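Subject: Structure for you, with notes on helix packing and aromatic pairs

Hi there,

Here is the structure I promised to send over.

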Amino acid sequence: MAVGFAVASEDGQYNGRITSFVILSCMVASMGGLIFGYDIGISGGVTSMEPFLKKFFPEVYTRMKEDTKISNYCKFDSQLLTSFTSSLYVAGLVASFFASSITRYFGRKPSILAGGAAFLSGSALNGAATNLYMLIFGRVLLGVGVGFANQAVPLYLSEMAPPRYRGAINNGFQLCIAIGVLSANFINFGTEKIEGGWGWRISLAMGAIPATFLTIGSLFLPETPNSLIQRFNDEQKAKTMLQRIRGTTDVEAEFNDLIKASLVSKSIEHPIKKIIQKKYRPQLVMAIAIPFFQQVTGINVISFYAPILFRTIGLSESVSLIMSALIAGVVGTASTFLSMLVVDKLGRRVMLICGGVQMFVSQIMIGSIMAAQLGDHGSINKGYAYFVLTMISIYVSGFAWSWGPLGWLVPSEIFPLEIRSVGQSIVVAVNFVFTFIVAQTFLAMLCHFKSGIFFFFGGWVAVMTAFVYLLLPETKKVPIEVMDRVWREHWFWKRIVEEFDDKSKMEPA
């Protein structure tokens, strides 16, 4: 018999427990976040390793080592180098749309399996790469893996979790991203010291380890009751699964809501056309705005290029890698774990707003110090350098307990079943589009904006914080299948939703 403790939604609608069955299933699925985080951490560290640059990007290596006239901010400006990083996100963008159909018609489990298998193949190819073509093709396979995993895993976690603890369980995805970044940075620090200059191969190939766990583990994952109802007419099978994951036979209230949602879902033949209707305008806006804002926080400045950034302010290769590990890894992981503990108590809005203020202040401070102290040549005073590192830690912490996990949590819980798969695909696609844009343009922006890059991203943080304050309703503890009520009660969105309802009533049957 499943073990756990009883929970109910805030209005007492559902019965259930957080069972060991749910915990184990969600732990396996969350490995999809681990492969994403590992790649983020590895790619940033590897692109700062001199043997890697010398083999694949010799012009960058030459400019870094020999050109004394070039600006500190421009040493790493190479479209070819950024293509190595950003090619993953182009592949992920395309893969996410294929993943949408697979997730809807075949279930969440096959998408997770496909993601793990593709990432496993890409890791092996990257580790064995002998030329740039192998390297980029490996990145494309990694992108396919991340695209499938990011599309399916957040949905899986939100559908498996009891409403009261959905935030904490879904934030496990971001926690695994943070753990992946942490592991990757420490691996980079160790492999950078290997004599012979082949340590980067180990860094890239070891992505196969979490991918193997995800691929094998996904074979044993149960399908969510939501997906079983959506895909099959066997309601008893779905009810049995719901009873198993909730640890009780008294699931009638939740099961009835799932049935109602499924009936609506099965009446929708073209979910892409459906999601652009005015009825779903609030969800569509959030599906575009939240992942967009998540990327223009500037987190990729730290995640992808932290070692490069630290070398820009005058730190050595080894020191840059270990500082990346400590800041992006330890600080990020600890802050994400804190988010898991408080997200279902404080709520989504408070955390997004407070995290935005924290990131804004730290970015303005970083930009100000670099503008005043770091010129085009030489390095800044060691005291100022460590102050910049402190501010970066504060910034990473702010992102890791707010926009990092909640940028995945909120979109995964706001869509009704009939548009849930396509809605999540839009979230992933927008995320990948702007991740690609930021990754592809950051080094050029750093070269041209110099310290102003932090004011640029700080301005976007101010905009997104105001957006949340004005337009995002609170979703904590609201059952996922009755989430539409939060829009009907919101001061702005209720006018749009009610206007659609009024028009629907006036139309002849």
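This is a predicted model: local features need pLDDT of at least 70, side-chain atom pairs count only at pLDDT 80 or more; totals for chains, interfaces and linings use all residues.

Residues are numbered from 1 along each chain as its sequence is written, and side-chain values use heavy atoms, with hydrogens and water left out.

Helices first. They are DSSP runs (H or I, at least four residues), numbered from the N terminus. Helix H15 (residues 281-295) packs against helix H22 (residues 417-449) at an angle of about 30 degrees, and their axes are 8 Å apart. Axes here are lines fitted to C-alpha atoms over the stretch in contact, with angles running from 0 to 180 degrees between N-to-C directions. H15 and H22 are therefore roughly parallel (angles under 35 degrees count as roughly parallel, over 145 as roughly antiparallel). On the H15 side, the residues in contact (heavy atoms within 4.5 Å) include Leu284, Ile288 and Phe292, while those on H22 include Ile426, Val430 and Phe434. By class, this contact has 10 nonpolar, 5 polar and no charged residues (Ala, Val, Leu, Ile, Met, Phe, Trp, Tyr, Cys and Pro count as nonpolar, Asp, Glu, Lys and Arg as charged, and the others, Gly among them, as polar).

Helix H2 (residues 31-46) and helix H5 (residues 79-105) pack at about 160 degrees, with axes 11 Å apart, which makes H2 roughly antiparallel to H5. Phe36, Asp39, Ile40 and Ser43 of H2 meet Phe84, Leu88 and Tyr89 of H5.

Now the rings. The whole structure holds 17 aromatic pairs (rings of Phe, Tyr and Trp, for Trp the six-membered one, with centres within 6.5 Å; planes under 30 degrees apart are stacked, over 60 edge-to-face and the rest tilted). Phe56 and Trp200 have ring centres 5.2 Å apart and planes at 85 degrees, so this pair is edge-to-face. Phe56 lies in helix H3 (residues 50-56) and Trp200 in helix H9 (residues 199-205), 144 residues apart. Phe56 is buried at 7% relative accessible area, and Trp200 is buried at 3% (buried means under 20%, exposed over 50%, partly exposed in between, with a 1.4 Å probe and protein chains only).

Phe293 and Trp403 are also an edge-to-face pair, 6.3 Å centre to centre with 75 degrees between the planes.

Best wishes

Note on methods: Helices (H or I, at least four residues) and strands (E, at least two) are DSSP runs, numbered from the N terminus. Angles under 35 degrees count as roughly parallel, over 145 as roughly antiparallel, 65 to 115 as roughly perpendicular and the rest as oblique.
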